[in-house]
Amino acid sequence: MAQQHLTDTRFEELDLPQPLLAALQEAGFTHCTPIQAEALPLALMGKDVAGQAQTGTGKTAAFALAILKQLLEHPRPEGSDPRQPRAYVLAPTRELAIQIHNDIVQLASHTDLRIAVAYGGAGYEQQREKIAAGTDILIGTPGRLIDYFKQRVYSLKQIEVVVLDEADRMFDLGFIKDIRYLLRRMPPSEQRLNMLFSATLSYRVMELAYEHMNNPTMVQVEPERVTADRVRQVVYYTANEEKIPLLLGLLRTLQPPRSIVFVNTKRAADRVWGYLEGNGFKAATLSGDVPQKKRIALLRKFQEGELPILVATDVAARGLHIPEVSHVFNYDLPQDAEDYVHRIGRTARAGASGDAISFACEDYAYSLPEIEAYIGQKIPSQPVDPELLVEPRPPVRPKRSRRPGGDRRGGHRSAGGGTGGGRRGGARAGGRRGGGGGRRG
């Protein structure tokens with residue numbers, strides 16, 4: 001792994017308890033990333049932090065270590081209910097909630113702290129039983145957390161630390177009323193350690209921070225660089241009918257070991273997957289309607305290298321740390337400039353380099369000027385070389401399987417008046433299908 005993304009600040013120089021230093025050493029983490037070096041000293045002193053950093057820069061470890069230190073060094077007050085959570089982490093999607101849970105479990109491996117995760121789409125009774133049995137740190141998506149809270153499975157009265165991760169995505173998915181509903185039922189902000197992390201600190205995110213945090217310090221790591229430094233970007237101006245032949249030609253020429261192909265709709269995902277499979281490329285689709293167990297299995301295969309290509313809607317564009325993604329293909333240019341940044345942020349993570357290849361086709365080329373204005377640079381273009389255009393073999397038809405209807409209780413009546421709280425997309429992070437919510441997927 002490249003080391004350019006690390007600072008000179010060593011974890012052992014920070015005021016961290018020995019169990020956390022032991023876990024960091026076991027995981028091979030010695031030096032802080034920039035966001036960790038900036039945010040951790042503040043949070044470890046008990047100061048609220050609103051942090052902005054590029055994706056893949058270690059935000060999770062920054063807030064996880066601050067949570068763990070707080071709970072280790074400040075025992076529960078005498079007479080308090082030992083079953084109730086003391087730290088609360090809110091994430092916009094189930095994938096991110098699972099990832100945060102896994103990271104905190106790793107960092108807490110030398111402690112006795114209990115950690116639970118709640119998300120829609122799977123494991124309703126198992127998650128409920130684990131939380132009811134008692135937990136110190138509760139992580140989850142807003143919908144499932146509100147569901148259990150309204151059933152009085154747990155209380156918010158003993159919360160000492162609150163983290164909002166990917167706060168801008170919370171807005172995108174329509175969760176802000178749900179977030180405010182939860183925050184207003186906790187102890188006052190001055191009695192908590194509050195941390196907010198986001199890829200962008202927009203006006204609406206900072207308004208939320210100042211409303212529900214205690215005079216937070218704003219930490220921005222390289223905010224002037226919207227896109228990752230080590231992502232090589234290129235755009236091809238293509239006709240609609242050239243997109244499949246060009247994608248196949250690039251995959252055969254470049255032979256990327258691990259790549260994500262982003263599309264804007266589930267229908268496009270099925271079409272691209274069919275042509276990939278029909279032309280000798282092993283691939284899978286990840287979109288909002290993929291059942292949770294299958295989604296987790298696909299991501300594991302992709303992360304472990306068993307699956308070289310993932311065709312995804314924007315449900316996969318945020319929050320997932322998948323190492324060694326060499327190429328991102330924007331088969332469809334996103335209709336939101338921020339989504340472009342988050343998509344290409346799936347590559348060039350943790351100091352590595354990567355390639356982002358976009359197709360500006362007849363349907364979505366109009367998004368390109370907005371994207372270039374947002375990232376502050378013109379994306380280099382390449383002509384479509386006829387030699388790259390592959391004559392595709394017929395596509396494979398996707399197998400349609402009926403979605404199991406088992407997790408009907410995963411939904412809730414949103415604190416804001418709607419069901420599930422996810423106003424854009426098929427699988428709502430708080431709704432019956434859990435925390436997946438892709439805006440167009």
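Which residue in β11 does F262 stand opposite? F262 stands opposite A312 in β11. The structure is a predicted model, in which local features need pLDDT of at least 70 and side-chain atom pairs count only at pLDDT 80 or more, whereas totals for chains, interfaces and linings use all residues. Residues are numbered from 1 along each chain as its sequence is written, and side-chain values use heavy atoms, with hydrogens and water left out. Helices (H or I, at least four residues) and strands (E, at least two) are DSSP runs, numbered from the N terminus.

An open sheet is formed by 7 strands in the order β10-β11-β9-β12-β13-β8-β14, and the pairing is parallel. Two strands are taken to pair if DSSP finds at least two bridges between them. Strands of a sheet pair through backbone hydrogen bonds, either parallel or antiparallel. Strand β9 (residues 259-262) runs parallel to β11 and is joined to β11 by 4 bridges. Helix α11 packs on this sheet and touches β9, β10 and β11, and the direction of α11 makes about 170° with that of β10. Axes here are lines fitted to C-alpha atoms, for helices over the stretch in contact, and angles run from 0 to 180 degrees between N-to-C directions.

Within the sheet, I309 belongs to strand β11 (residues 309-312). I309 has a relative accessible area of 4% and is therefore buried (under 20% relative accessible area; exposed is over 50%, partly exposed in between, with a 1.4 Å probe and protein chains only). Leaving aside neighbours within four places in sequence, I309 is in contact (heavy atoms within 4.5 Å) with L251, S259, V261, L276, F281, K282, A283, A284 and F302. The C-alpha atoms of I309 and K282 are separated by 6.6 Å, although the two residues lie 27 residues apart along the chain.

Two packed helices are described by the angle between their axes and the distance between the axes. For helix α10 (residues 243-254) and helix α11 (residues 266-278), the axes come within 11 Å and cross at roughly 50°. This angle makes α10 oblique to α11 (under 35 degrees counts as roughly parallel, over 145 as roughly antiparallel, 65 to 115 as roughly perpendicular and the rest as oblique). The crossing of α10 and α11 is right-handed, that is, the near helix is turned clockwise from the far one by less than a right angle. I244, L247, L248 and L251 of α10 make the contact with R271, V272, Y275 and L276 of α11. These residues divide into 7 nonpolar, no polar and 1 charged (Ala, Val, Leu, Ile, Met, Phe, Trp, Tyr, Cys and Pro count as nonpolar, Asp, Glu, Lys and Arg as charged, and the others, Gly among them, as polar).

R94, E95 and I98 of α4 and Q292, R295, I296 and L299 of α12 make the contact, with 3 nonpolar, 1 polar and 3 charged residues.

Helix α4 (residues 94-107) also holds H101, which is buried, with a relative accessible area of 15%. Not counting residues up to four places away in sequence, H101 touches I115, A116, V117 and I139. In helix α1 (residues 18-27), the buried residues are L20, L21, A22, A23 and L24, and their cover includes α3 (59-73) and α4. Just after α1, G28 takes a positive phi of about 85°.
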